[in-house]
Amino acid sequence: MASKLILTLDGEVVKEYTLDKESLTIGRKSDNDIQLNDLTVSGRHAIITTKNRTTSVKDLGSTNGTLVNGNHVTETTLVHGTVVQIGHHIFTFMMDESEAYEPTMFVRSEIDETKMDLPDWEMNSKAIRMRGKPLGGLRKINDPLGNTGIEMRKRFSTVGFQGKKLALINRSDDGYTIVGIQSGDNSRRNMDFPMLNGTKIGLNQTKLKEHDLISIAGIEMEFYYIH
């Protein structure tokens, strides 16, 4: 069976692409196989190649680069569950289209727009203070491939499922904290609420410690520091 890419934007599944030909180009120009209307994406940004049952992604000299599992790459082989980020768009590589998947949990790093009115000198001072601070990440546990994860380099990251933001992770001088995001949705199952080490995440900031477990909709992610 052919492999496929699951395209998501802001946590919502946009489209599925079956990898039934040798190459597939991704970029902002209309002549790409996958056109992304995103100013952070280059005209011809990356290419996905499948040959001899091996699929790889190659950056085509793009301005902002191609990230695989949170790391910038020039070219690398994809394995089941690999996450490729191009601009604001996320592609998840699925090796077998018969494999069931549910877009339950997506992690997104972002800038809180309410902070953008800070003067330049204060924004710069914050960036300088963050240099050399431990970098945290989230990775799915019980992953046989051991490579499903994302680095949290920006000040704010959200976690959620099916396009709904359920918790906010804040990176500061003192480390990382997590807080629940209040929602008026009363139809959630108990398992859909974000949990930290088995306890529902509340609306007060809680400091994250290495190896803490965040659970959403049955998916468990481990918080860790990248040493």
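1. Gly 218 sits in the loop that runs between strand 21 (213-216) and strand 22. With a relative accessible area of 60%, Gly 218 is exposed. The C-alpha atoms of Gly 218 and Pro 194 are 9.7 Å apart in space, while the two residues are 24 apart in sequence. Please keep in mind throughout that this is a predicted model.

2. The side chains of Arg 139 and Glu 222 meet at 3.1 Å, N to O. Arg 139 belongs to strand 13 (residues 135-140) and Glu 222 to strand 22 (residues 219-226), so the pair links distant parts of the chain, 83 residues apart. The two partners fall into separate accessibility classes: Arg 139 is partly exposed at 32% relative accessibility, whereas Glu 222, at 14%, is buried because the limit for that class is under 20%.

3. A second salt bridge joins the side chains of Lys 4 and Glu 16, with an N to O distance of 3.5 Å. Lys 4 lies in strand 1 (residues 4-9) and Glu 16 in strand 2 (residues 12-18), so this pair ties together parts that are 12 residues apart in sequence. Which of the two classes, buried or partly exposed, applies to Lys 4? Lys 4 is buried, its relative accessible area being 7%. Glu 16, in contrast, is partly exposed, with a value of 39%.

4. Lys 209 and Asp 212 also form a salt bridge, their closest N and O atoms lying 3.9 Å apart. This distance qualifies because the rule asks for a side-chain nitrogen of Lys or Arg within 4 Å of a carboxyl oxygen of Asp or Glu. Lys 209 is exposed, at 52% relative accessibility; Asp 212 is buried, at 4%.

5. How many salt bridges does the rule give in total? The count comes to 4, and those described above are among them.

6. Arg 53 is not a glycine, yet its phi is positive, near 65 degrees. Arg 53 is found in the loop between strand 5 (46-51) and strand 6 (54-59), and at 81% relative accessibility it counts as exposed. Asn 197, likewise not a glycine, has a positive phi of about 50 degrees. The loop holding Asn 197 lies between strand 18 (195-196) and strand 19 (199-200). Asn 197 is partly exposed, with a relative accessibility of 44%.

7. For the chain as a whole, the secondary structure comes to 1 helix and 22 strands. Of the 227 residues, 42% are buried. Among contacts between residues at least 6 apart in sequence, 46% join residues at least 24 apart. The accessible surface comes to about 12,800 Å², and carbon and sulfur atoms account for 48% of that surface.

Terms used: Residues numbered from 1 in each chain as written. Predicted model: local features only at pLDDT ≥ 70, side-chain atom pairs only at ≥ 80, totals over all residues. Heavy atoms only, no water. Helix = DSSP H or I, 4+ residues; strand = E, 2+ residues; numbered from the N terminus. Buried < 20%, exposed > 50% of the residue type's maximum accessible area, 1.4 Å probe, protein only. Contact = heavy atoms within 4.5 Å. Areas by Shrake-Rupley, 256 points an atom, 1.4 Å probe, with all protein chains shown as cover.
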